[in-house]
Amino acid sequence: MSYIEVKDLTFSYNEKTNVLEAVNINIEKGEWIAVLGHNGSGKSTLAKTLVGLLEPKEGEIFIDGQILSEESAYEIRKKIGIVFQNPDNQFVGVTVRDDIAFGMENLCIPREEMLSKIDFYAKKVNMLDFLDKEPANLSGGQKQRVAIAGILAMQSDIIIFDEATSMLDPFSREELIKYIKTLHKDGLTIIMITHDINEALLADKILVMNKGKVYAFEETETIMKKKEIFTDSHLELPVSLDIANSLELSDKHKEIREKLWEYALIK
Ligand SMILES: Nc1ncnc2c1ncn2[C@@H]1O[C@H](COP(=O)(O)OP(=O)(O)O)[C@@H](O)[C@H]1O
Ligand SMILES: [Mg+2]
């Protein structure tokens, strides 16, 4: 059995239109999955069903062999963390420190350990100087960084990033990606919903959602070779691959094409 299994998942907010339809996905432990798809294709809804915040209309979700249900949701949430698209939705504390601590408090982590983890992860996201500040006064990017620190501190086996880097400045984004790469090497399972195609290229596999359905779910390199997936789903290819794909298939261009591919897939 795969680490995460989604079987025939269908979801609807209003009983009429299905926002997710017959979704089937298997994710192995330690895999890095990028999720691409046009706005409204169901990416965030899928993320919320995976952590048990929304209940499937039909179908089942298994995490580490355990079926996700009302009874198991509490246990399963210890394994899977999520950083939401809009950081305002996850702020509850008086200070940044409280907010980073929130998830850990639910895990009943001893206070001393918690305090040192808060410092460690606040430093990872460059927010150490803000620990005593009020979260409400932070910028969008700073809020995202605090939310990320809180989730990282929980040290879950799986983390879902739902456009979690969208408001970050280029420096913070690069730093975070670097750190996520090290976590991936250490075996973290990552589901990264993103609009940034270059971020998606770092993943082992890419899941393309289109109108609530799985449009494609394959190895990153395989997906990138299928130009029609991108045009059909209104997604942009990385510039270098766009060029590579448009070069004639003559020998003269073979070497350039290979170089462009190599360049695009550097991890
Ligand atoms: N709370 C909600 N109530 C009703 N409809 C929703 C709600 N959240 C999202 N939707 C609808 O579900 C569809 C999928 O949304 P979403 O999962 O947020 O897509 P994505 O994250 O890919 O942009 C959209 O049509 C959206 O309008
Ligand atoms: Mg979304």
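This is a predicted model: local features need pLDDT of at least 70, side-chain atom pairs count only at pLDDT 80 or more; totals for chains, interfaces and linings use all residues.
1. On overall form, the radius of gyration of the protein chain is 19 Å; a compact globule of 267 residues would have a value near 18 Å, so the two agree. The C-alpha trace spans about 65 × 45 × 30 Å along its principal axes.

2. Of the contacts with a separation of 6 or more, 63% are between residues 24 or more positions apart.

3. Ligand 1 has a shell of residues that includes Tyr13 and Val19, along with Gly37 and Asn39. Gly40, Ser41, Gly42, Lys43, Ser44 and Thr45 also surround ligand 1. Sorted by class, this shell holds seven polar, two nonpolar and one charged residues.

4. Two residues deserve a look for their backbone angles. Most residues other than glycine have a negative phi. Aspartate 64, which is not a glycine, has a positive phi of about 50°. Aspartate 64 sits in the loop between β4 (58–63) and β5 (66–67). A residue is buried if 20 or more other C-beta atoms lie within 10 Å of its own, and exposed if 12 or fewer do. Aspartate 64 has 17 within 10 Å, so it is partly exposed.

5. Cysteine 108 also has a positive phi, near 55°. Its place is the loop between α3 (96–106) and α4 (111–124). With 7 other C-beta atoms within 10 Å, cysteine 108 is therefore exposed.

Definitions and conventions
Residues are numbered from 1 along each chain as its sequence is written. Chains are lettered from A and ligands numbered from 1 in the order in which they are written. The radius of gyration is taken over C-alpha atoms; the globule rule is 2.2 Å times the number of residues to the power 0.38. Two residues are in contact if their C-beta atoms, placed from the backbone, lie within 7 Å. A residue is near a molecule or strand if its C-beta atom, placed from the backbone, lies within 6 Å of it. Ala, Val, Leu, Ile, Met, Phe, Trp, Tyr, Cys and Pro count as nonpolar, Asp, Glu, Lys and Arg as charged, and the others, Gly among them, as polar. Helices (H or I, at least four residues) and strands (E, at least two) are DSSP runs, numbered from the N terminus.
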